[in-house]
Structures are given as structure tokens and as C-alpha cells.
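Visitor: Pick one part of this model and take me through it closely. Keep it brisk, and tie it to whatever surrounds it.

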Amino acid sequence: MAGKAEQNKLEKKENLEQAAYELFSETSFDSTSIDQIVRRANVAKGTFYLYFKDKHQILRSIVIKHSAGLLREALRQAETAGLPNHAEMVVFVADYMIDYLRRHKPLLKIITKNLSWSLLDQTVREAQYEDIRRILERYTADMAAAGYGEEEAFRLLFMVIELVSTVCYSAVVLEQPAGLDEMKPLLFTAIRRMLAPKV
């Protein structure tokens, strides 16, 4: 019986996340109310507060789930690509994620405005993302070999995430200052320079 109850709880939480994802995509985060989310999910309002304290927490949950899944697949592809160094791995992952988000604009609108250091930090601490944590540890080791300390390596990664998300959103959604195909070579050059070995 406990297994069925747990499954029912999981389904309700997933229904709430899916409803919120759809509403945030269709309108915006600011235009969506908790009442709209629970109506779309077909649950009582009290059920929302069993899983999330507010709208920001459900947004964070959506961003972590979708971006971690996308990052996991990008890293899996990068590991089989035989890349020569950490900078090329980061460029490969950025390129993979950008191309995916270009094809999935609703997800792009939600994720790219909400990527942050706290998201990366949260992902690293959660047990279900052990594979991502291992790859980030390898990135840190590669950066240490290039002359960077651990904190410096993660700050650089934070800057890369922010740069990629901003350029991707601006180029795909707003088409500013140019389209993505024009922006990607400049973006990747900037990433390579940011992650170059210390002199």
C-alpha cells in the first residue's frame, strides 16, 4: 500500500511541474498564478503546498530537472567525442545544449533565464546527479592542471554558464544582436579564451 501512496504523491508532484512548465511556456512565469497551476494539474491548492513553498520553488525544480537531463546527455555525448582538453569539452557541451534549446524554444525561455550558480551548486549536491558531479570533478582537476584553483574553476564555469545562457536566449528568442549561427563562433572563441591555461 505504501508503494501505491508514494507513486500517487510522485504523480501529483509531476503533474504540478508539468502544468507549471506548460503555463510558464505559454505565457510567462510572472503571468502564471498558483491557482492556474493547480487547475491545470487538476489538484487541490493545498496539494501544491505539500510539494512547493511558492512559485519560485516549482520553477527551480523544473529548471533543475530539465537542465540536468540536458546537461547529462550533452556530457555523455562529449565523453564519446574524444575531445583534447577541458575547454573543448565545455565548448562541445555548450554547442550541444544551444542546438537542443534552439529546437525547443519553450524550454529555452524557461531555462536560460534561470541558470545560475545556485542551480549548479544544487545539482552537485543532489545524489541523483552523481554522474554530473563526477564530470564536474574531472573538469576541476583539468582546470587545476591548467593552473586554476577549485574555487576559480567553478567561478569560471559559472561565468561560462551565464554567458552561454544569455547569448543563447538573446540570439534565439530576440535575434539580437545577431542570429545564433553568427554568434556561436564568437561565443566559442570567448569560452576557449576564458578557459585557457594560466600563463
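**Helix 10 and its surroundings**

Guide: Helix 5 covers residues 86–103, and its axis comes within 10 Å of the axis of helix 10, crossing at roughly 155°. That makes helix 5 roughly antiparallel to helix 10 (under 35 degrees counts as roughly parallel, over 145 as roughly antiparallel, 65 to 115 as roughly perpendicular, the rest as oblique). Axes are lines fitted to C-alpha atoms, for helices over the stretch in contact, with angles from 0 to 180 degrees between N-to-C directions.

The model is predicted: local features need pLDDT of at least 70, side-chain atom pairs need 80 or more, and totals for chains, interfaces and linings use all residues. Residues are numbered from 1 along each chain as its sequence is written, and side-chain values use heavy atoms, without hydrogens or water.

Helix 10 spans residues 180–194, and Leu 187 sits in it. Is Leu 187 buried or exposed? Leu 187 is buried, at 4% relative accessible area (buried is under 20%, exposed over 50%, partly exposed in between, with a 1.4 Å probe and protein chains only). Val 167 is 20 residues away from Leu 187 in sequence. In space, their C-alpha atoms are 7.8 Å apart.

Now step back along the chain. The loop between helix 9 and helix 10 holds Glu 175 and Pro 177. Phi of Glu 175 is positive, near 55°, though Glu 175 is not a glycine. Glu 175 counts as exposed, at 58% relative accessibility. Then comes a cis peptide bond, from Gln 176 to Pro 177, with omega near -10°.

Helix 8 runs over residues 130–145. Its 16 residues reach 23 Å from first C-alpha to last, close to the expected 22 Å (1.5 Å times one less than the number of residues). Its buried residues are Ile 132, Arg 133, Ile 135, Leu 136, Tyr 139, Thr 140 and Met 143. They lie on the same side of helix 8 because they cover an arc of only 165° around the axis (taken from the directions from the helix axis to the C-beta atoms). After helix 8 comes Gly 147, with a positive phi near 100°.

Helix 2, residues 34–41, has the highest confidence in the protein, at a mean of 97. Ile 34, Ile 37, Val 38 and Ala 41 are buried there. Their arc is only 90°, so they share one side of helix 2. Asn 42 follows, with a positive phi of about 60°. Asn 42 is exposed, at 71% relative accessibility.

Finally, the whole. The protein has 10 helices and 0 strands (DSSP runs, numbered from the N terminus: H or I of at least four residues, E of at least two). Of its 199 residues, 43% are buried. Its C-alpha atoms fill a box of roughly 60 × 40 × 25 Å along the principal axes. Mean pLDDT is 86, and 91% of the residues score at least 70 (pLDDT is the predictor's confidence in each residue, from 0 to 100). Confidence is lowest in helix 7, residues 117–125, at a mean of 59. Where pLDDT is low, the predicted coordinates should not be read in detail.
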